[in-house]
Amino acid sequence: MKRVLLTCFICVFTAAFVMAGGGQQSPAPAASAAAPITGAPASYTLPLTATPIKLVYAGGESNNPEYSLADNREVWQIISQRTGVTLDIQVLPGPDYNVSIRTRIAANDIPDIFWCPGIIDPIGLYNDGLVQDMDTLIRRYAPNIYKVAMDSPDVLAAMTASDGRFYFASTESVADFSTNPRTMFYRRDWQRKLNIPDPVTIDDIFNMFVAFRDKDPNGNGKADEVPVWFQNLGNLDVLGSAFDVMSIGWNNGWSYDKNKTVRYDFVRPEFKNYLAFLNKMYNAKMVPPEVYFKSGTDTPLIAANCLGAYTNGIGALETRNGTLLKGGYISDASDGFFWLTPPVNQVTGKRELYQKSVVNSVSGYIIGKACKYPEVAIKWLDYVWGSREGQLMMELGIEGKTYTVTNGKIMMTDFATKNPDGLGVQQVLRTLGCIPPNLSRQTNETFYATWTYSPFLLSVIDYAAPYYTLPCFPTFMGTPDEKAEEAKLSSDMGTYRDEMVAKFITGQTPLSEFDKYVDQMNKLGVTRLIEINQRRINDLLK
């Protein structure tokens, strides 16, 4: 049972557009990896080539496969017209793509431009002579990619190794939490009905959940209310913030303080206090048993007007409040679920959270060694992934059709938000070929723009944004040797950690044994991992 508990409860532990100058260019031979290159890359103009060329592109299929990217959708056609580059688009769903690209690399059938997932070592590909010298290509020909990396330490950390060389021409990036507040949402109408003040401390939150459980806020005369539902411990970071434990979810336990000292939350004394609170929640039966012991969903509880709080992202808020509106339980979306302000941190006295890293994994686009036109290929990636113009097309579609820009402000059109075919905004964009897995570079600006049709959602985003003030912990590429050492240490350490955390929460092991747990974690590799990450932070933030 503890394995199932572990799976269900702790599963997540684990700038400007540059185009001025230059003339039209013909397809160029591969760039050579010569002496180190200094200074920013040169600008370029469109089209990228005087003679139209075709490149083989391989990546993930659209998240709406009925609108397959292989069908050369409208946005991709526009990009082809502007760049002079047509694509042989070869896409597969994520897991299938990962198998396919590994097979193709083994057979030396490497596409001109391809997504290199985290399961493949980009340094090894370069050392084996299978891919282009990405460092030279980026530093010579990709001004937008270079600027994005230089402006964002976590992007730079994921695109470069400890030797300072670029091995990717992109990253898997998402908007940070200041625009995508993914924490806890609670029934504001229940709070008001029960005359509960806005919670400030962790005790206030716990007492609010007790009231949700015991005081019949749905008014049906039954004790059927469920105070809170969460998918896993990582989504409870907003509650962990009360104990100065905020990185156990999205940052996998890692953070650094104002002195740049690396911390691993799972062995800090503050984590023991958080575990005590989670054990208190467990004993009070605040959460349905299925959250702990089997997979489940909160949808039926919301439809039955029985759920007091849940954890998820801003995108789910509209759906959940829509369910309450449809059921007649609320009269306005603003009366339903709302973002829960983080409780006061008992250590710092502040109410703040860590931003989520803008990089999900060490992965990105690479150009194959056999590509006949590497200079054009890197500029194509620079335009589509790195430039603002390309980014807006990938994320928001076609100006005038799906979005407009007035005085610098982006607004989605009625075609996108009130689609005549009844499609949601994301679906509308995917019919055009937008939001392709991995290639799109979502930023705060584009993420925010997709919610302009909903004043309520924007109010929640604006309300939450000031609390995401702490820097995220970067995702590092690392050297092959470091990655191998990390993988071994993390595997042994992670298995023990997760089992013990589950036991602490459920009371199978008393918290009086927390120090023994920390000692064993140190023996299994925490000390060494802290040493590795401290060096990386020192190098990155020097």
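Visitor: Let's start with a strand. Which residue is the bridge partner of Ala58 in β3?

Guide: Ala58 is partnered by Phe114. Keep in mind that this is a predicted model, where local features need pLDDT of at least 70, side-chain atom pairs count only at pLDDT 80 or more, and totals for chains, interfaces and linings use all residues. Residues are numbered from 1 along each chain as its sequence is written, and side-chain values use heavy atoms, with hydrogens and water left out.

Visitor: And how many bridges join β1 to β3?

Guide: Two, between β1 (residues 53–60) and β3 (residues 113–116), and these strands run parallel. Two strands count as paired if DSSP finds at least two bridges between them. The names come from DSSP runs numbered from the N terminus: strands are E with at least two residues, helices H or I with at least four.

Visitor: What sheet does that belong to, in what order?

Guide: An open sheet of four strands, ordered β2-β1-β3-β10, with mixed pairing. β2 (85–92) and β10 (364–367) sit at the edges, each pairing on one side only. On average, neighbouring strands are turned by 25° against each other, direction ignored. That angle is taken between axes, which are lines fitted to C-alpha atoms, on a scale from 0 to 180 degrees between N-to-C directions.

Visitor: OK, what about the open sheet of three strands?

Guide: The order there is β7-β4-β8, and the pairing is antiparallel. Its edge strands, β7 (309–311) and β8 (337–339), each pair on one side only. The twist in that sheet averages 30° from one strand to the next. Three bridges join β4 to β7, and Phe185 stands opposite Tyr310 in β7.

Visitor: There's a hairpin of β11 and β12 too. Which residue takes a positive phi there?

Guide: Asn407, with a phi near 55°; the hairpin has two residues between the strands. Its strands, β11 (residues 403–406) and β12 (residues 409–412), are antiparallel and joined by four bridges. Thr404 stands opposite Met411 in β12.

Visitor: New topic: how many salt bridges does the structure hold?

Guide: There are 26. A salt bridge here is a side-chain nitrogen of Lys or Arg within 4 Å of a carboxyl oxygen of Asp or Glu. One of them pairs Asp133 with Arg165, the closest N and O atoms being 2.5 Å apart. That pair links distant parts of the chain, 32 residues apart: Asp133 is in the loop between α4 and α5, Arg165 in the loop between α7 (153–159) and β4 (184–187).

Visitor: Is Asp133 buried or exposed?

Guide: Buried, because its relative accessibility is 6%. Arg165, at 22%, is partly exposed. Buried means under 20% relative accessible area, exposed over 50%, partly exposed in between, using a 1.4 Å probe and protein chains only.

Visitor: Which residue forms a salt bridge with Lys488?

Guide: Asp492 does, with closest N and O atoms 3.6 Å apart. Both lie in helix α21 (residues 480–506), four residues apart, about one turn of the helix. Asp492 is partly exposed at 39%, and Lys488 is exposed at 57%.

Visitor: Which residues are linked in a network of salt bridges?

Guide: Asp244, Arg263, Asp265, Arg268 and Glu270. Within it, Glu270 and Arg268 have their closest N and O atoms 3.4 Å apart, and both are buried.

Visitor: Now the holes. What volume has the second largest cavity?

Guide: About 40 Å³. A cavity is a set of points on a 1 Å grid over the protein atoms alone where a 1.4 Å probe fits but cannot get out, and lining residues have an atom within 4 Å of a point. Points are joined across faces, edges and corners, and the volume is the space filled by probe spheres set on them.

Visitor: Which residues line the second largest cavity?

Guide: Among them are Asp133 and Arg165, along with Pro122, Tyr126, Phe166 and Ile366. α4 (122–127) and α5 (134–141) each supply at least two lining residues. By class, the lining has seven nonpolar, one polar and three charged residues. Nonpolar covers Ala, Val, Leu, Ile, Met, Phe, Trp, Tyr, Cys and Pro, charged covers Asp, Glu, Lys and Arg, and the others, Gly among them, are polar.

Visitor: Last one: where is Pro143 found?

Guide: In helix α6 (residues 143–151). Pro143 is buried, at 7% relative accessible area. Pro143 and Gly386 are 243 residues apart in sequence, yet their C-alpha atoms are 8.2 Å apart in space.

Conventions:
1 Å grid on protein atoms, 1.4 Å probe; cavity = no way out; pocket = protein on both sides within 12 Å on 5 of 7 lines; lining within 4 Å.
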